[in-house]
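Hi,

Here is the structure I promised to pass on to you. Could you have a look at it, and then read my notes below?

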Amino acid sequence: WTMLDNGPLQEWVAKAQATPGAKVVDLAKQSFSLDPLRIFPTEQAGTMFAEHMFPLLGIRANTVEEALLARALTPESRGRLGVGSTRGFMRYLNSAEADPRLRDVAALLEQWSWDDYCASVFDEEAPILDLAKASAVAVSTRRVQLPSMREMDGDRLATLTKPKRAGNMLYGMVASFVQESYFADTTRCGILGVEEAGHWTVSEHGQNVAYKFASQARKHWSGL
């Protein structure tokens with residue numbers, strides 16, 4: 001099992017610490033990679049980058065920026081360009097080969113790379129968490145700022161403070177990573193738990209992951 005523990009008492013962190021073979025991840029310390037272009041399979045990595053990073057960057061749907069980025073993030077494009085990480089994608093965006101209309105996106109990614117909250121997205125050397133080798137995982141999100149349910153309503157996400165925007169992205173990235181990892185391994189049952197889940201289930205990515213579990217988990221021997 002993997003539990004996202006946002007509770008004040010951190011009961012699930014304590015349980016994992018007492019469980020042989022379990023791991024504890026503090027989302028604020030960024031001890032494992034959360035780079036979508038590294039942690040997800042090649043065919044899914046570009047889609048996951050768009051799902052979690054575009055809102056952080058303020059990339060809106062049906063814009064020229066979205067279309068250009070989507071084309072550059074396809075598995076074929078990334079393979080041709082040798083892009084295997086978010087840092088690598090930044091290098092491409094700053095190169096002469098990239099469309100000059102994406103220079104602002106490169107600048108935004110550079111700005112976020114300086115943010116301590118997002119270090120795990122931009123660190124090309126950070127280890128990738130192998131859920132198959134852990135008997136259980138507790139992800140402590142207590143020190144990561146998250147939007148309230150009211151702040152997730154409508155277009156308010158764009159007006160959030162930087163720590164809350166980063167926290168929303170990281171929380172969603174972890175949940176998607178756990179879901180995809182458990183769905184890919186049908187040799188054992190994988191359970192994703194979310195403590196105090198209201199702020200997550202009102203978000204778009206939270207609803208997407210919850211729907212995937214509700215509609216597909218049984219055949220992947222997983223649960224939420």
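First, a word on naming: helices (H or I, at least four residues) and strands (E, at least two) are DSSP runs, numbered from the N terminus. This is a predicted model, in which local features need pLDDT of at least 70 and side-chain atom pairs count only at pLDDT 80 or more, while totals for chains, interfaces and linings use all residues. Residues are numbered from 1 along each chain as its sequence is written, and side-chain values use heavy atoms, with hydrogens and water left out.

Let me start with helix H3. Gly 58, which follows H3, has a positive phi, near 75°. Among the buried residues of H3 are Phe 49, His 52, Met 53 and Phe 54; buried means under 20% relative accessible area, exposed over 50%, partly exposed in between (1.4 Å probe, protein chains only).

Now the sheet. Five strands form an open, parallel sheet in the order E2-E3-E1-E4-E5. E2 (23-26) and E5 (222-223) are at the edges with a single partner strand each, so one side of each has no neighbour in the sheet. Strands count as paired if DSSP finds at least two bridges between them. E1 (residues 2-5) pairs with E3 (residues 137-140) over four bridges, and Asp 5 has Ser 140 in E3 as its bridge partner. Three bridges join E1 to E4, where Thr 2 stands opposite Leu 192. E4 and E5 share two bridges, with Ile 191 partnered by Gly 223 in E5. Four of the five residues of E4 are buried, so this strand is largely enclosed by the rest of the structure.

Finally, the core. The largest nonpolar core has 58 residues, and Met 53, Phe 89, Leu 93 and Leu 109 have the most contacts inside it. Such a core is a set of buried Ala, Val, Leu, Ile, Met, Phe, Trp, Tyr and Cys residues joined through side-chain atoms within 4.5 Å. H9 gives the largest share of this core, eleven residues.

Best wishes
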